[in-house]
Structures are given as structure tokens and as C-alpha cells.
Amino acid sequence: MIALRTLVAIVEARPETIAEDYRRLLDLAGVEAPGASAGPVTLAAQAGAGGWFPGAGTPPWQIEGLLERYASGGGARGVGVAAVDPRGGAGDAQGWGWGDVIAARGASLAGNDFWAERPWRPAAHLLGLAAAAGGAPTVPTGLADPGILGLLAVPSLDPAWTVAGTTRLLLSLVPGALRRPRKLPWVTYVSECLAFAREVLAARSTGDSSGPGTVAVLDGVIWEIGPGLRGRGPVGRNVLIAGTDPVAVDAVAARLSGADPVRVPWLKAVADAGLG
């Protein structure tokens with residue numbers, strides 16, 4: 001089993017108690033309301049084309065649970081929700097039922113200014129990533145400045161990832177939609193992309209002592225069985241998982257799915273590389 005060095009909280013959830021379940025989850029995970037110097041809060045939410053399908057992306061109650069925590073502190077200069085396509089880049093928030101929740105909490109949906117591309121030169125050793133990006137990948141401008149990032153995903157049983165969750169969401173956001181070089185192994189490419197994402201998040205860190213700069217939350221009320229595992233369909237599991245390390249959160253989800261995290265190739269590779 002992979003040794004987890006960060007706290008990962010797990011809470012059983014029910015529809016009739018979901019608001020309290022989220023409060024309890026975030027308390028256990030050590031996610032506090034931001035202080036005055038924390039900067040803006042961005043909630044990256046999973047949203048593919050076609051609107052909401054059970055288990056296929058971030059449900060409105062997941063956004064509401066995080067907005068309640070981050071909007072209640074009064075210290076953040078605004079909370080924005082960025083819809084992220086699983087294939088990379090900006091997603092389509094239409095049909096996901098987020099609008100009323102976002103408006104009621106005084107938050108906003110990230111627009112073109114957030115998604116404008118800003119070049120970012122990765123560390124010299126990330127050769128595969130640099131090749132995929134034609135020299136220098138880009139990041140959304142909204143992530144280039146200090147602030148708090150929340151990764152809001154739903155676990156999906158996927159043949160490549162075993163469990164795809166907050167780490168895949170992070171890599172859909174940073175570096176986004178890149179094509180892996182043909183000669184670069186998939187696991188190596190995932191490791192390089194995650195190393196690059198950690199560079200960006202480290203630069204984004206505010207150093208605010210009121211709470212972590214990044215929080216990863218898996219809403220496992222409904223899991224998705226992805227294409228390739230006998231079709232697409234939802235599975236009810238009624239569990240919420242949260243922590244400050246996306247890899248650790250996904251490793252716990254893999255364990256709950258019945259898999260041994262140390263035998264999941266990408267999890268083992270990024271753990272061996274010290275990336276989570």
C-alpha cells in the first residue's frame with residue numbers, strides 16, 4: 001500500500017443529510033474558511049458536453065458544499081467556478097444545474113479572462129511535456145496568480161486510470177488539452193504533467209496559514225463506470241472523500257473500489273517520483 005503523508009477524510013453521505021455531510025467532511029480534512037490574505041478562490045468543476053449524467057461530473061450539491069465553506073469566511077476576494085472538460089481546457093457548464101447554486105452564494109462562473117492562455121516554461125527535465133506543447137505549455141491565466149484551488153470531481157471507474165478522479169481533473173486543467181508524444185509511455189506522460197501542475201500550484205500558493213492552498217474533493221455519492229468497462233453507467237456508493245493531495249485522495253478511492261493502489265501503474269509511478 002502507498003504510504004500517504006497527508007490527511008484524507010472519508011464521510012458516509014445521504015441525500016437528506018448532504019449539506020451536513022459536506023460540512024463534516026471539510027472539517028475532518030482541515031479545510032477552513034480562507035483568511036483575508038488568501039486571495040481569490042477557484043473551484044475547478046468537472047463538466048463534459050451534454051449536461052449532467054449521474055456520476056459523470058460535478059453535481060450541484062458538491063459545488064454548494066464548497067461554496068458554503070469558502071464564501072462564509074468573508075476573507076476571499078471572490079469565488080469563481082471553472083467548468084473543466086475531461087479532455088482538457090474549458091468545459092460546458094450548460095445543463096449541469098450549477099447556475100442557481102452559484103448565484104445564490106454570490107459566486108461567478110469563470111469566463112474567457114480566466115481561460116486565456118498564458119505561456120509557462122516547465123522545468124528542464126520535463127522533456128516529454130515540452131515536446132507535447134511544442135516548447136512551452138500554457139496555463140489558464142486565472143491560475144497564474146496566487147489563490148486557493150478546489151478540485152471537485154466524481155470518481156470514474158476507467159480502464160486506464162482504474163479510478164479517475166481529482167488528479168485527472170487537475171491534469172485537464174493544467175496543462176490541459178495536449179497530445180501525448182507517440183513514443184512517450186502514458187504513465188511517464190502522466191507523471192510529467194503532474195510534476196508540471198505541481199510547479200504551477202506551488203507558484204499559486206499564498207502561504208496563508210488559515211488553510212491549504214489546494215483541496216481535492218471526490219463526490220462518491222454516485223460513481224461512474226466509464227466507457228470500456230461494459231458501457232457507461234452509475235453506481236451508488238454514498239461516500240465523500242477529501243484532502244489536500246489529489247493523488248492521496250485518488251489512492252483512497254482506488255482502495256475503496258477494490259484495487260490495490262500500489263498495483264495501479266500511474267499511482268505507483270507518481271508516488272515513486274514523490275508527486276503525491
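Which residues have the most contacts inside the largest nonpolar core? They are Leu149, Leu173, Val174, Phe196 and Ile241, in a core of 52 residues. A nonpolar core here is a set of buried Ala, Val, Leu, Ile, Met, Phe, Trp, Tyr and Cys residues joined through side-chain atoms within 4.5 Å. Buried means under 20% relative accessible area and exposed over 50%, with a 1.4 Å probe and protein chains only.

The model is predicted: local features need pLDDT of at least 70, side-chain atom pairs count only at pLDDT 80 or more, and totals for chains, interfaces and linings use all residues. Residues are numbered from 1 along each chain as its sequence is written, and side-chain values use heavy atoms, without hydrogens and water.

Helices (H or I, at least four residues) and strands (E, at least two) are DSSP runs, numbered from the N terminus. Val174 touches Val139, Leu143, Cys193, Phe196, Ala197 and Val200, leaving out residues up to four places away in sequence. Contact means heavy atoms within 4.5 Å. A second, separate core has 33 residues, among them Leu25, Ala29, Val215 and Val217.

Now turn to H9 (residues 265-272). Its buried residues are Trp266, Leu267 and Val270. They lie on the same side of H9 because they cover an arc of only 100° around the axis, taken from the directions from the helix axis to the C-beta atoms. Pro265 and Asp272 are exposed on the other side. The cover over the buried residues includes strand E9 (162-164), helix H6 (166-173), H7 (186-204) and H8. Just after H9, Gly274 takes a positive phi of about 75°.

Methods
Axes are lines fitted to C-alpha atoms, for helices over the stretch in contact, and angles run from 0 to 180 degrees between N-to-C directions.
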